[in-house]
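This report describes helix packing, domain arrangement, ligand surroundings and local backbone features in turn. The sequence and structure are shown first.

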Amino acid sequence: MGRVLIIGAGGVGNVVVRKCASVPEVFSEIMLASRTLSKCEAIAKDITHVNIQTRQVDADNTNELIHLIQEFKPKLVINVALPYQDLTIMDACLATGVNYLDTANYEPKDVAKFEYSWQWAYQERYKERGIMAVLGCGFDPGQTQIYVAHAAKHHFDEIHYIDIVDCNAGDHGQAFATNFNPEINIREITQKGKYWENGEWVEIDPMSIHKPIEYPNIGSRESYLLYHEELESLVKNYPTIKRARFWMTFGQEYIKHLQVLQNVGMTGIKPVQFKGLEIIPLEFLKALLPEPGTLGENYTGETSIGVHIKGIKDGKIKTYYIWNNCKHQDAYKDAKAQGVSYTTGVPAMLGAKLMIQGVWKQAGVVNVEELDPDPFMSQIAKYGLPWQEAINIELPHEYPNE
Ligand code: NDP
């Protein structure tokens with residue numbers, strides 16, 4: 001049906017390639033391109049039932065990307081490299097008139113700041129070109145917003161409160177490792193937290209608000225309030241929201257290591273001189289840490305990610321919880337991946353499938369909650385991420401005066 005170009009051969013890229021290869025009637029030809037060709041080849045070699053083409057590409061270089069796209073002529077580019085490459089890849093798609101999908105919003109390399117303004121700025125140019133960019137189609141961002149769209153369509157007249165709750169109750173057996181790209185992960189966690197309340201953003205010190213939250217099949221886990229990019233698009237697309245927050249669990253060991261690394265300056269992103277070389281401490285730290293794609297084999301336990309919602313239906317207050325639990329070992333069995341790469345790569349593949357099939361089709365730049373959630377929600381279980389919901393249950397949050 002259509003050729004797909006996948007950029008980035010890391011933990012998530014591996015899952016996207018395998019899941020696309022499992023739907024050959026839609027993804028008629030697959031090319032995997034990344035900075036390190038040997039990583040593309042290792043993934044391709046392991047997939048025997050479908051031929052995966054591989055290429056080396058520097059995705060920071062728009063011209064290289066344009067040449068690659070002109071050579072392969074894909075219907076869609078899936079960007080699962082790093083957020084730093086979002087704009088160069090979007091530029092290349094614009095120049096060649098090809099649709100675009102990613103799983104994380106743009107971040108400039110020299111400031112640990114992520115917001116949608118840079119990518120939303122492409123709106124008119126994508127519309128004029130008649131192509132579509134789907135932003136943030138992983139799990140969070142991604143499936144969490146599709147959960148909200150599903151709730152808005154089928155369960156609420158008005159959504160007032162949202163708490164996205166993300167738990168990884170897994171054990172990879174390493175003293176310290178991150179489940180997605182270490183540089184991006186540490187930049188996210190060490191910056192100030194932020195949430196939306198009564199029409200404005202409230203900023204807090206990193207990890208300064210936390211509380212135990214109960215997760216299905218896992219139990220209670222200390223959960224920390226972080227800023228996460230999907231809050232920005234959700235409060236824009238659902239103006240009735242009074243408060244929107246994001247919570248993520250961290251184990252004590254993880255926090256202890258992170259604090260020590262921060263205290264000694266290893267998480268810094270400003271260059272330092274070392275033996276005549278300029279190095280960025282966080283980039284050096286990344287080189288020492290295990291790659292997310294290598295954690296899968298002995299990973300036990302599961303993730304649980306969902307959304308708590310409170311709002312109004314037919315004039316009455318309603319509460320709602322929708323979630324997915326994913327076992328790391330099931331992810332490994334299905335796609336030789338740990339659960340975090342898996343829960344990101346599966347929604348990316350399904351989003352790509354819906355785009356290639358023309359089910360999700362509109363010119364411009366969209367966040368996933370702006371699309372019809374039904375075709376996604378009816379298929380995602382089949383590809384490995386079943387969802388569950390609970391209605392009118394007690395949610396573990398305090399709500400102001402209602
Ligand atoms: P990895 O570090 O495992 O993989 C990133 C890949 O991108 C690597 O193969 C890397 O190449 C490649 N890459 C980096 N820079 C370039 C470049 N300039 N040109 C070409 N290729 C490049 O990260 P993950 O797979 O864990 O994460 C991938 C993306 O998914 C990230 O943007 C991350 O933020 C996002 N993500 C989204 C989630 C969600 O739920 N929405 C959750 C988890 C991740 P090399 O191998 O040479 O380093």
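## Packing of H3 and H4

Helices H3 and H4 are oblique to each other. The model in which they are seen is a predicted one. H3 comprises residues 62–72 and H4 residues 86–96; their axes are 9 Å apart and form an angle of about 45 degrees. The crossing in which H3 passes H4 is right-handed.

On the H3 side, the contact is made by Thr62, Leu65, Ile66, Ile69 and Gln70, and these meet Thr88, Ile89, Asp91, Ala92, Ala95 and Thr96 of H4. By class, this contact of H3 with H4 has six nonpolar residues, four polar residues and one charged residue.

## Packing of H8 and H11

Helix H8 spans residues 182–190 and helix H11 spans residues 281–288; their axes come within 9 Å and cross at roughly 130 degrees. H8 is therefore oblique to H11, since angles count as roughly antiparallel over 145 degrees and as roughly perpendicular from 65 to 115 degrees. The crossing of H8 with H11 is right-handed.

From H8, Pro182, Glu183 and Ile186 take part in the contact, and they meet Leu282, Glu283, Leu285 and Lys286 in H11. The contact of H8 with H11 consists of four nonpolar and three charged residues, with no polar residue.

## Packing of H7 and H9

The axes of helix H7 (residues 143–154) and helix H9 (residues 230–237) come within 10 Å, and the crossing angle is roughly 20 degrees. H7 is therefore roughly parallel to H9, as angles under 35 degrees are placed in that class. H7 passes H9 in a crossing that is right-handed.

Thr144, Gln145 and Val148 of H7 form one side of the contact, and Glu230, Ser233 and Leu234 of H9 form the other. Two nonpolar residues, three polar residues and one charged residue make up this contact of H7 with H9.

## Domain arrangement

In the contact between the domains, 14 residues of domain 1 meet 14 residues of domain 2. The side of domain 1 that touches domain 2 has six nonpolar, four polar and four charged residues.

## Surroundings of the ligand

Which residues come nearest to the ligand? Of the 35 residues around the ligand, the nearest are Gly10, Val12, Ala59, Gly138 and Phe180. Helix H1 (11–21) and helix H13 (339–356) are the elements that give two or more residues to this shell.

The residues of the shell divide by class into 15 nonpolar, 14 polar and six charged.

## Local backbone features

Two loop positions are described here. The peptide bond from Asp140 to Pro141 is in the cis form, its omega being near 10 degrees. Pro141 lies in the loop that runs between strand S6 (132–135) and H7.

At Asn198, phi is positive, at about 50 degrees, although this residue is not a glycine. Asn198 is placed in the loop between strand S8 (193–197) and strand S9 (200–204).

Methods. Residues numbered from 1 in each chain as written. Predicted model: local features only at pLDDT ≥ 70, side-chain atom pairs only at ≥ 80, totals over all residues. Near = placed C-beta within 6 Å. Helix = DSSP H or I, 4+ residues; strand = E, 2+ residues; numbered from the N terminus. Nonpolar A, V, L, I, M, F, W, Y, C, P; charged D, E, K, R; others polar. Axes fitted to C-alpha atoms, helices over the stretch in contact; angles between N-to-C directions. Left-handed = near helix turned anticlockwise from the far one by under 90°. Contact = placed C-beta atoms within 7 Å.
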